[in-house]
Amino acid sequence: MSDEALLEAWNGGDAAAGERLFDRHFERLVRFFRTKVHGEVEELVQQTFLGCLESRGRFRGEGQFQAFLFAIARNVLFNFYRERQRGGAAVAISEVSLHDLDPRPSAVIAERREHQILLECLRRIPLDAQLVLELHYWEDMTSAAIADVLQVPHGTAQTRIRRARQLLAAEVERQAGSLGQATLDFETWARSLRALVDRDR
């Protein structure tokens with residue numbers, strides 16, 4: 001059954017269909033949160049599926065279920081960091097970097113220096129820029145699907161993807177240069193870094 005058919009069945013009260021959706025998307029949600037939080041990944045995955053359950057009636061089938069699910073995951077992540085802001089100060093979560101929100105290194109352990117640089121560079125660009133790159137390269141999502149995740153027009157999503165590439169390339173250049181290394185080909189990070197994130201979890 002397709003994701004959409006499973007969601008429709010779940011919406012009709014079929015708990016087994018909901019469990020199949022959970023099993024189908026669990027690993028990609030773990031990957032989504034693992035590069036962004038420390039130690040609370042499975043809790044945030046559970047919150048995402050709870051949000052999916054609560055919001056499933058709003059999914060009308062116009063877009064991909066994957067985009068619907070990651071839109072909820074994005075909200076869960078933003079709420080996670082909003083709740084941890086000191087004094088409850090209002091912060092535009094999508095515009096700050098993970099390094100600003102939590103300066104600790106990534107929870108993902110990288111042995112190769114190139115991977116360490118790429119992980120750190122991702123943490124230093126705005127969070128929404130990191131998200132669109134991961135969704136585009138790791139989850140093979142189209143710009144139209146990413147627009148659904150961000151809840152912006154398609155053209156805006158295309159612009160944000162291009163801008164995110166530019167920001168990452170500039171940060172890679174800065175980090176690699178400061179370490180005396182040759183410029184890294186950041187376009188290759190998608191394949192190798194995704195495998196690293198998925199490893200040993």
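A residue is termed buried when its relative accessible area is under 20%, exposed when over 50%, and partly exposed in between (1.4 Å probe, protein chains only). The structure is a predicted model, in which local features need pLDDT of at least 70 and side-chain atom pairs count only at pLDDT 80 or more, while totals for chains, interfaces and linings use all residues. Residues are numbered from 1 along each chain as its sequence is written, and side-chain values use heavy atoms, with hydrogens and water left out.

Beyond its neighbours within four places in sequence, F33 contacts (heavy atoms within 4.5 Å) V41, L44, V45, T48, A73, V76 and L77.

Six aromatic pairs were counted, rings of Phe, Tyr and Trp (its six-membered ring) being paired if their centres lie within 6.5 Å, with planes under 30 degrees apart stacked, over 60 edge-to-face and the rest tilted. The F22 and F26 rings, with centres 5.4 Å apart and planes at 35°, are therefore tilted. Both residues lie in helix α2 (residues 15-34), four residues apart. The rings of F80 and Y81 have centres 5.0 Å apart and planes at 85°, so this pair is edge-to-face. Y81 is buried, at 3% relative accessible area, and F80 is likewise buried, at 8%.

Notes: Helices (H or I, at least four residues) and strands (E, at least two) are DSSP runs, numbered from the N terminus.
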